[in-house]
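Here are my notes on this model, written as numbered points.

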Amino acid sequence: MENVTYKEYSEEENRIYNEAITKILEGLKNGLNFSDACNMADVKEKGLKGFIEDDVLKIVIAEMHYVQGSSLKEIADKLSISVGDLNKANSEMLEDISMMTTNIFNPNIQIGNA
């Protein structure tokens, strides 16, 4: 698995993040594909925008795949993205969960920026 780095965001970045996630998810609920929904969020900083888009995919996978039982292929078709992109986001999400769980049960392990 790739080496994942976590960043601590400022209050302003957190505000932008939350607003963008809300706009994108609303766009998806209203039938937009992933690209069009992401374009609704006006995020200037590339790194933050990528982080937001990755998180939206993880949220959608969690809801549609793990809660509702849709296949990754069905989700990819609905969002007009590749199954490969969803598989990558799913793997990253499972890695995030694994690292968080490890941290909960072994608080001496440092995750993220020191």
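1. Let's start at E92, which touches D54 and K58, leaving aside residues up to four places away in sequence; a contact here means heavy atoms within 4.5 Å. E92 and K58 sit 34 residues apart in sequence, yet their C-alpha atoms are 8.3 Å apart in space. With a relative accessibility of 15%, E92 counts as buried, where buried means under 20% relative accessible area, exposed means over 50%, and partly exposed is in between (1.4 Å probe, protein chains only).

2. Some ground rules before going further. This is a predicted model, in which local features need pLDDT of at least 70 and side-chain atom pairs count only at pLDDT 80 or more, while totals for chains, interfaces and linings use all residues. Residues are numbered from 1 along each chain as its sequence is written, and side-chain values use heavy atoms, with hydrogens and water left out.

3. Now the overall layout. The protein chain has five helices and zero strands, so the order from the N terminus reads α-α-α-α-α. Helices (H or I, at least four residues) and strands (E, at least two) are DSSP runs, numbered from the N terminus. Of the 114 residues, 31% count as buried. Among contacts with a separation of 6 or more, 54% join residues 24 or more positions apart. The chain exposes about 7,600 Å², and carbon and sulfur atoms supply 51% of that; the areas come from the Shrake-Rupley method with a 1.4 Å probe, and for residues only the protein chains shown count as cover.

4. How far apart are the end C-alpha atoms of α1? They are 27 Å apart, which agrees with the 27 Å that its 19 residues should span at 1.5 Å a residue. The expected span is 1.5 Å times one less than the number of residues. In α1, the buried residues are E13, Y17, A20, I21, I24, G27 and L28. They cover an arc of only 130° around the axis, so they lie on the same side of α1; the arc is that of the directions from the helix axis to the C-beta atoms. E11 and K29, on the other side of α1, are exposed. The cover over the buried residues includes α2 (34–40), α3 (46–67) and α4. After α1 comes G31, with a positive phi near 95°.

5. On to the charges: the whole structure has seven salt bridges, a salt bridge being a side-chain nitrogen of Lys or Arg within 4 Å of a carboxyl oxygen of Asp or Glu. Side chains of opposite charge can pair when their charged atoms come close. E92 and K88 are four residues apart, about one turn of the helix. While E92 counts as buried, K88 is partly exposed, at 43%. Elsewhere, salt bridges with shared partners join E12, R15 and E19 into one network.

6. R15 and E12 meet at 2.4 Å, N to O, and E19 and R15 meet at 2.8 Å. R15 and E12 are three residues apart in helix α1 (residues 11–29), which means about one helical turn separates them; E19 and R15, four residues apart, are also separated by about one helical turn. An α-helix has 3.6 residues a turn, so residues three or four places apart point the same way. The residues involved are partly exposed: R15 has a relative accessible area of 38%, E12 42% and E19 41%.

7. Back in α5 (residues 83–105), check N90. Is N90 buried or exposed? N90 counts as buried, at 10% relative accessibility. Leaving out residues up to four places away in sequence, N90 touches I61, Y66 and L72.

8. Last, a backbone item. S80 has a positive phi, near 60°, in a residue other than glycine. Most residues other than glycine have a negative phi. S80 lies in the loop between α4 (72–79) and α5, and at 53% relative accessibility S80 counts as exposed.
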